[in-house]
Amino acid sequence: MEQDDGVDSAASPGGEEPGPRRSTFTPPTADAYAQFAVAGITSTPVPADAPPPNPATVVTPPPGSALPRPPERRSLDDAELVSTLDRKGSRDGGALAAIEKLQAQLRIREQDAREFRNWESSMLAIGTPEALEVVEETRVTFTGALQIIPPASAAEPADSAPEPQLESQRESASEPVVYDLIEPEQPPRTTGSNIVLPEAAAGLPETVAPLDVDIAVMPPVLPVESSRTESGGVTILPEVAGVVERAFSPESSGIEPTLPEQRTGQALRLFWLWFAANSTVLSVVFGAMLLSLGMSLRQAIVAVLAGVALSFLPVGLGTLAGKWNGQPTMVASRASFGLIGNILPAILSVVTRLLWGAVLLWLLASTTARLLVAAEADGGLSLTQLTIAAAGVGFLLALVVAFFGYRLLRHVQLVLSVASGILVILLIAVSWPLVDIAAALTIGDGPWVIVLTGLILVFSFVGLIWSTSAGDLARYQRPAGSGAGSMLTASFGNALPAFVLIAYGALLAASDPALASGLVEDPVGTLTAIVPTWFLMPLIAAVGIGLISGVTLSIYSGGFALLAIAPIRRDLAVLVVGVVLGGLAVALALLTVDFADIFRDLGTTLAVPTAAWLGIFAAEIMIRNRRFNTRSLVQRGGVYPDVNWVNVILLIAASGIGYGLTSASAAWLAWQGYLLELVGIPVGSDLAQADAGVLVALVIGLLVPILVGVRTIRRQEEARS
């Protein structure tokens, strides 16, 4: 039976086990009772003998000792409180029961806030970066309990001028509000996600002293009348944490940090957010193409394993950056290149997302059309008509999910990941009779330099292509969660399906020379031949799920990259990126495009500057001792310069050197490779074809900031202190 004394089984956020029950409890103060009156709730008179709250006790441990243990929250979080009030208001006694529950919870919240303030004072007295970081992370778990606004009787003296409100907070909900970098004597008052009471908000002291918080952008203050509902004749606030965003409510976050109460994601969520995007069955064709380069099965497996292992770098570090500051990857990139200088890598990210997303949509449309014809489910339409129709359907599905944003995306990705995992297992099961391990092992080794080619191709398509998107999916992760856990789950979610499918494709190709040539020359026709007739329709889903997931992520992440260039709304940015991407996909469908050119030339052409950017960005993340200053990432004049000329020039130079050491067969990319002969590599040799320029650009980007950029980053961190 539910406890009505305010301490019930849901006493800790996230549905975890409740903390230990205290044997004593401080009675409510006059301030707590006055809260009910301010909120428009009738309460009982304040007891005359109500004792004042206990004073804060600051305990500073001796140097070298362990930090004080954070307090445990016992009150309900906002979402649980809303649910409980609604239930009590409708079933368990009506308005009176809801009021009693709210009163009990306010008392517990007051006690939680008092315990947190005592502990916070001790941590601030210690003052080390580790202590401040623990305070910042623990504050998130006390969301709703810390910002209980005192009543008017507890306000500052009457002659004290009320604090000014930010006018931009009232003007537009679509434009982010950024605090000035020069702190005012009293910072602008906000209550985060909690109740804003206009009649008591001006001139009141803060309940908790502000920390070194970098939250730069706060949501506009909503008038309390807009969020009240009537229940049983009593006005209550049903959504204490603000408007609850549903799956089909467009995501409101842009370049500003994600609100703390929205950052509830567990590390495991990142696994299935990435799994579907790399689980398309067309990766089997990728494996056959690796084998066709002239390597043996074991060399192909080594190349795939090394390529996906190297892919942990971009996905893992990008995830860590997004978890640090709750902002998109290309906004965090401003710390490395400057707020204006970062426009160059942001343009690169937009172009990469557009071209790669268009290629995925084109593959989805063309492959689906041919499979429908093979399954005799074309409905009398021609191949071209089916291709355009499939492209339209795929485009609309991806655009809708990307438009509504993260809440819908995470649910869709979960469904797609589960379905894709099942279909991949079924594909391997029905095609396993074609595997001949004995015959596959008879293929002799080729030159080992070819393994370098395979490694770079896998790295380019599995890791590099998504490096500018990793933080976009990690910005909703719990700040207090493990950074290493988030990095590993995201990287494994990205790499595991790719490794299994590419390696299996190499095994199939090595088992039968005819099968190998078929997968390279006629991928779709060969895929239909290796599965039974009944599996043709599931094969369409197995091919399409990963592709449509990749298109969705390209549009979603491309919108954030565009926001890093132009100050527009996120939903408008998504529409712009989606429309351009769809147009490029239709152009690819109507033109004659060689899949090999896409596989080799376009992939490495996009990979070279991306690798140079990744090296610089990754090096600076590894150098930093402190997290990004999120305020300075969205407003000029902070600790990050307008242009970091060293890194901008380094990006251009590393890309130029990388292109000089790559090669391409397409006529419009014949200019690449201009440094090969200069360094003694014959044009057309295996080493020239290895596209080593991708790794060279990555290594240059990594090493130079480590050698010359440490002092600059330390100055930024000192300026933030």
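Buried means under 20% relative accessible area, exposed over 50% and partly exposed in between, with a 1.4 Å probe and protein chains only. The model is predicted: local features need pLDDT of at least 70, side-chain atom pairs count only at pLDDT 80 or more, and totals for chains, interfaces and linings use all residues. Residues are numbered from 1 along each chain as its sequence is written, and side-chain values use heavy atoms, without hydrogens and water.

View A. Rings of Phe, Tyr and Trp (its six-membered ring) pair if their centres lie within 6.5 Å; planes under 30 degrees apart are stacked, over 60 edge-to-face and the rest tilted.

**View B. Ring pair W356 and F461.** The whole structure has 13 aromatic pairs. In this one the centres are 5.4 Å apart and the planes at 55 degrees, so the pair is tilted. W356 belongs to helix α13 (residues 343-374) and F461 to helix α17 (residues 449-463), so the pair ties together parts 105 residues apart in sequence. Both W356 and F461 are buried. Ring pairs join F286, W356 and F461 in a cluster.

**View C. Surroundings of L539.** Beyond neighbours within four places in sequence, L539 is in contact (heavy atoms within 4.5 Å) with V281, L371, L427, L527, T528 and V531.

Key: Helices (H or I, at least four residues) and strands (E, at least two) are DSSP runs, numbered from the N terminus.
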